[in-house]
Amino acid sequence: MYTGPCKVLHHSSGLLLNSGSCGIVLSDEYQVVTSLWCQLYKTQAPQASGMFLLNSLVIPPKGQVNKPGCIPNLGECFHYRSKIHIKAGDKLQSPEGKPKSGRIQDECHGPCISSSNCSQPCAKNFHGEIGFTCNQKEWQKSTETCTSLSVEKLFQDSSVESRLSVAAPSIPLHVLDFRAPEIIESVAQGIRKNCPLDYACIIDVVKSSETTSGNIAFIVELLKNISTDLSDNVTQEKMKSYSQVANHILDTAAISNWAFIPNKNASSDLLQSVNLFARQLHIHDKSENIVNELFIQTKGFHLNHNTSEKSFNFSISMNSTTDDILGTVQIPQQELRKLWPNASQAISIAFPTLGSILREAHSQNVSLPRRVNGLVLSVVLPERLQEIVLTFEKINKSHHARAQCVGWHSKKRRWDENACRMTQDIRNKVKCRCNYNSAVMSFSILMSPTSKTDKVLDYITCIGLSISILSLVLCLIIEATVWSRVVVTDISYMRHVCIVNIAVSLLTANVCFIIGSHFNNGVQDYNVCVAVTFFSHFFYLSLFFWMLFKALLIIYGILVIFRRMLKSRMMVIGFAIGYGCPLIIAVTTVAITEPKKGYMRLEACWLNWVSTKALLAFAIPALVIVAVNLIVVLVVAVNTQRPSIGSSKSQDVAIIMRITKNVAILTPLLGLTWGFGIATLIEDTPLMFHIIFASLNAFQGFFILLFGTIMDHKIRDALRVRMSSLQGKSRAAENASLSPTNGSKFMNLQG
């Protein structure tokens, strides 16, 4: 069989027939060849039973021409100078089947100005362009639309083969079909014409294409069109072909190119298309295994209300170097009892790599995306079934990889944490109970990218919180013990009111933290977790606003305004600042972020940072108060050199100085604590920052006891006096019980 390129036969006295863009040369011996078929489609005319097949024309070998109309075979192709021209839009393919990509320009040549953009053409044989964005004075690729695929190319080989058919040994010349091939305008039209039973005609072309961003986007649209226009009668053969096409762009080698597709919803469109196509699948036999590709598996079975508990078990490898990742979809028996007596079917699809490319619509520009830590499992169930149980094996098996059960909401294009709840998290496996509906058909588990728990952190937090709570309780006991002796002026009264409220606020916040940590490790109740987050937010803010009131107390004391201000008015101002301002901030934050489920973090009962930046409602007021307090301390340090500070109210001045020292010590400690706390939100922050923050945060109660109470000499003096008086009373009571009078009374009672 001739394997070289096809040539046009040089004719001596032949006839050139033109039909469309295809030229046919007929010689005196009825010899015939084609020109454009060979050039455009690289079609090698096959031989079968000694017959040369070409465009519905059967050419017998030489010597077998027995009557007019029978055209002898061509022993070989000869050169012919053709006047046929290839149109500008036609593509030539290399003999190997894959287009030669050539060298792609990897950057722009112009000056790189921040946030500027440029584009470069794609390599040879590709349509589209590559977009670049200037970032930190370097050109970085941002988008790519390079594609070698088209609707015409998908079906060009199939169109040729459909016109090459086995026929009779001889065909009269008047029945030969010299018409140009029909132009295919859509994927649905091409599949209906060339491979309506199994879609196999597009598989080879897709598999031979490079997984550029443009080709991936083209294939996503291809699958989307098939699921929309050709899902009326989905058989297992069609599902296999469909999955082979999807498997090509889910390969681990293609994952990195998904990031450069201009349409950021492409991954969501792919998932939805596969789910919609699988929904129309009809299972005819009892076999569970329908598709078994490397990066997509499909299983299904029949069931009815008498079926016992059913489950799909998947085991898929992420790549050739890792062990298989397990996943299970379980339909509880109580759900199966809801089915009608007639048979139904259940289908499940597993994706090992899809989770790494799913882009949420609300977090496209977020630097800390929510990472999938297991298989993505889709289910197609009868409408009456609404609850399923899923078991996921963690991909990242490190001990700090916390899990969150979620479902993909196809309309919102985001992970919905309300669709599932965690029922078990043991070692490397997570068990979820999820609600199934037409909008949420796919499920997985997420992990926090910034959660860095460690045994050291756990120990520091546990020990530190215990010491902090005990210290705050001791602080309140000491204040209650010495209250009457240290509250001698209005300023001293308000100073100790501040200390008590600071201790109460931090103590309550620590209790809320302990409650929240319980919900992190067990079954999370969303509403309770929101409530815990709110109170933690409120009381931590109260801590800082009472510190702010202490600073204002210093300023008013220096300006000698307290001489004319009533104690009741000072109390109203103090509580308005200490509790009123935090309440307004906390309520406003909840009202703005909670309708979008963005008030708290997914992995902890604390303020959200990833999607809504709700944590700023705590960080900004806290850091501003720290800055204000430090400025006040500097102002007092300057004013202590002036003689005006010493007034007739020398006792108040001494109290103001003690308040200033207290603020000067506690403010940097609190500011430093939450400064490290904000630093831990940055991805890949060193573990040492987490340890320092955990230490400072856990020991805040001890710092308040030490620097706010024990180091105040007035409190120490009052405590000594109080202890001495208690000791004196106990000795007096003891002496009284041992006196002769009491002894005689005792003897008389005995008598």
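Where is Ser-148 found? This is a predicted model, and in it Ser-148 sits in the loop that runs between strand 9 (138-144) and helix 2 (151-163).

Buried or exposed, then, for Ser-148? The relative accessibility comes out at 9%. Since buried means under 20% relative accessible area, Ser-148 goes down as buried.

Ser-148 also has a neighbour from elsewhere in the chain: Phe-126 is 22 residues apart from it in sequence, yet the two C-alpha atoms are 4.8 Å apart in space.

In general, strands of a sheet pair through backbone hydrogen bonds, parallel or antiparallel.

Zooming in on one pair, strand 7 and strand 8 (residues 129-135) run antiparallel and are joined by five bridges. Which residue of strand 8 is the bridge partner of Asn-117? That would be Thr-133.

Leaving aside residues up to four places away in sequence, Thr-235 touches Leu-197 and Leu-281.

Now for helix 6 itself. Helix 6 packs with helix 7 (residues 266-279) at an angle of about 170 degrees, and the axes are 11 Å apart. Angles over 145 degrees count as roughly antiparallel, so that is how helix 6 and helix 7 are described. On the helix 6 side, the contact is made by Lys-238, Met-239, Tyr-242 and Ile-249; helix 7 brings in Leu-270, Ser-273, Val-274, Phe-277 and Ala-278. Sorted by class, that contact has seven nonpolar residues, one polar and one charged.

## The annotated transmembrane regions

The unreviewed UniProt entry annotates "transmembrane region" for residues 456-478, 499-519, 539-559, 571-593, 613-638, 659-682 and 688-710.

How does the model fold two of these spans, 456-478 and 688-710? Residues 456-478 are 100% helix and 0% strand, with the end C-alpha atoms 32 Å apart. Residues 688-710 are 96% helix and 0% strand, and there the end C-alpha atoms lie 30 Å apart.

How values were computed:
Residues numbered from 1 in each chain as written. Predicted model: local features only at pLDDT ≥ 70, side-chain atom pairs only at ≥ 80, totals over all residues. Heavy atoms only, no water. Helix = DSSP H or I, 4+ residues; strand = E, 2+ residues; numbered from the N terminus. Buried < 20%, exposed > 50% of the residue type's maximum accessible area, 1.4 Å probe, protein only. UniProt positions renumbered as here; feature names shortened; annotations may be inferred. Pairing = 2+ DSSP bridges. Contact = heavy atoms within 4.5 Å. Axes fitted to C-alpha atoms, helices over the stretch in contact; angles between N-to-C directions. Parallel < 35°, antiparallel > 145°, perpendicular 65-115°, else oblique. Nonpolar A, V, L, I, M, F, W, Y, C, P; charged D, E, K, R; others polar.
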